[in-house]
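Hi,

Here is the model I promised to pass on to you. Please have a look at it first, and then read my notes below.

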Amino acid sequence: MYHVTRACDIPSILVTGLEPRIGQRSQEFGEKLPAVYAFPTMFDCHTALSQWLGEWFCDLEEEEGYEIPLAIVEFDPSDLVQLPQEVAFEARFVSTVPPSALRAILSELEFEKRSEAALKKLAAAAEAQANAA
C-alpha cells in the first residue's frame, strides 16, 4: 500500500505510525469516519499524483504560498482493519498503521523514478508478449 503525505509529517509517522484521521482533503469531501487512505498499487499512487491528487496539492501550495514537499509511505496492510473499497484505486484503514508495518519512505522524486521504471518494465513485457503472439 502507498500513502501520500507531507514530508514534514515523516518524523511523527516514524514514531506513531499512520493514524486514522479526517484530514484537510477528507474534510473537503465530507468524510465522517477517520481513516488512513492509501493506494493499493504503485500505479494507482503514480496516477493520482500525476492527476487529481497532484493537482490538489498544487492548489494547496498556491493557497498557502509555499512549496509542500511530499513523501510516499509504503506499508504492509497485513493485520490492519480495512473498510470495504468504494473505488478500486483507493483503500481505507480504520486502524493505525504501526511503525513496524512501514516498508519504505520515499521522496516524491524517488517514488517517481521507481514508478517510471516499473511502468517501463510493464510496457516492455507487454510489447514482448504482443510480439510473441
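First, the ground rules. This is a predicted model, in which local features need pLDDT of at least 70 and side-chain atom pairs count only at pLDDT 80 or more, while totals for chains, interfaces and linings use all residues. Residues are numbered from 1 along each chain as its sequence is written, and side-chain values use heavy atoms, with hydrogens and water left out.

Let me start with strand E3 (residues 70-75). Helices (H or I, at least four residues) and strands (E, at least two) are DSSP runs, numbered from the N terminus. Five of the six residues of E3 are buried, so the strand is largely enclosed by the rest of the structure. Here buried means under 20% relative accessible area, exposed means over 50%, and partly exposed lies in between (1.4 Å probe, protein chains only).

E3 pairs with strand E1 (residues 2-6) in the antiparallel sense over five bridges, and Thr5 has Ala71 as its bridge partner there. Five bridges also join E3 to strand E5 (residues 102-107), again antiparallel, with Phe75 partnered by Leu102. Pairing requires that DSSP finds at least two bridges between the strands.

Next, the charges. A salt bridge is a side-chain nitrogen of Lys or Arg within 4 Å of a carboxyl oxygen of Asp or Glu, and the count comes to five. One of them joins Arg6 and Glu64 (3.4 Å, N to O). That pair links distant parts of the chain, with Arg6 in E1 and Glu64 in helix H4 (residues 52-64), 58 residues apart. Another is Arg103 with Asp76, the closest N and O atoms being 3.3 Å apart; Arg103 sits in E5 and Asp76 in the loop between E3 and E4, 27 residues apart. Glu19 and Arg21 also meet this way, at 2.7 Å.

Finally, have a look at Leu14 in helix H1 (residues 10-16). Leu14 counts as partly exposed, at 49% relative accessibility.

Best wishes
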